[in-house]
Amino acid sequence: MSPAPFAVRADEAPRASARAGRGEALSALRADPRRAIQEDVIRCLECGRALRQLTNTHLRSHGITARDYKRRFGYNRGRPLMCLTLQRLYVERAVKSGLAAQIRCRPILAQPELRRRGGARPISLEEYLTRRDARLRAVSLLRPPAGTPRRKRVATSGPPLVGSQR
Ligand SMILES: [Zn+2]
């Protein structure tokens, strides 16, 4: 007699579970889009749904193309929009079929425009974050172990500037 209080239409279920807090908040994922790509799911940064891959059909429902999506959320242009498991599957398949041997086109040779720019190109949020992490890792390796007093002589105003340093 009592209706099921949590019943949702099947196509709404993923959205509902995303709202329920499984996984990170959309805003956190948008701040670091790499985290939206997980082992078994990729979270759509438009609607928050967890899918195995973001198909053109899905992106079309938001009125954007894969290229627009990557640009909007700061992914590298070559970023596959799928979960890690699926990426590995495709890599294995490509290796098996000898795909690498078939690829002869090198953009720097094929596109004079790239050569004119001397390799300079706009950098995506994803690449920026990855480079920053690598830099921070390198810095933390050089750092003395935690707890070692350091920089006692220097009276600074404000917090240390880790992260904003080049
Ligand atoms: Zn979506």
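## A walk from the zinc site to the pocket

Start at the metal: along the chain, the donors of the zinc ion follow the spacing C-x2-C-x10-H-x3-H. Keep in mind as you click around that this is a predicted model.

**Stop 1: the zinc ion.** Select Cys44, Cys47, His58 and His62, and show their side chains. The zinc ion is coordinated by the SG atoms of Cys44 and Cys47 and by NE2 of His58 and His62, at 2.0 to 2.3 Å. What geometry does the site of the zinc ion have? It is tetrahedral, with angles of 105 to 114 degrees among the four donor atoms.

His62 has 26% relative accessibility, so it counts as partly exposed.

**Stop 2: helix H4.** Next, select residues 66-73, which form helix H4. Colour Tyr69, Lys70 and Phe73, the buried residues of H4. Then turn the view until you look down the helix axis: the buried residues of H4 fall within an arc of 95 degrees, so they line one face of the helix. The general rule behind such a face is that an α-helix has 3.6 residues a turn, so residues three or four places apart point the same way. Which exposed residues does H4 carry on the face turned away from its buried side? Those are Arg67 and Arg71.

**Stop 3: the largest pocket.** Helix H4 and helix H9 (125-142) are the elements that give two or more residues to the lining, and H4 provides the largest share, three residues. Colour the lining by class and you get seven charged, five nonpolar and three polar residues.

**Last stop: zoom out.** Switch to cartoon for the whole protein. There are nine helices and two strands, and along the sequence they run α-α-β-β-α-α-α-α-α-α-α. Colour by burial to finish: of the 166 residues in the protein, 18% are buried.

Technical notes:
Residues are numbered from 1 along each chain as its sequence is written. This is a predicted model: local features need pLDDT of at least 70, side-chain atom pairs count only at pLDDT 80 or more; totals for chains, interfaces and linings use all residues. Side-chain values use heavy atoms; hydrogens and water are left out. Helices (H or I, at least four residues) and strands (E, at least two) are DSSP runs, numbered from the N terminus. Ala, Val, Leu, Ile, Met, Phe, Trp, Tyr, Cys and Pro count as nonpolar, Asp, Glu, Lys and Arg as charged, and the others, Gly among them, as polar. Donors are N, O and S atoms within 2.8 Å of the metal (3.2 Å for Na, K and Ca); water is not among the atoms, so sites may look incomplete. Four donors count as tetrahedral if all angles lie between 85 and 135 degrees; four count as square planar and six as octahedral if opposite donors are over 155 degrees apart and all others between 65 and 115; anything else is irregular. Buried means under 20% relative accessible area, exposed over 50%, partly exposed in between (1.4 Å probe, protein chains only). The arc is that of the directions from the helix axis to the C-beta atoms.
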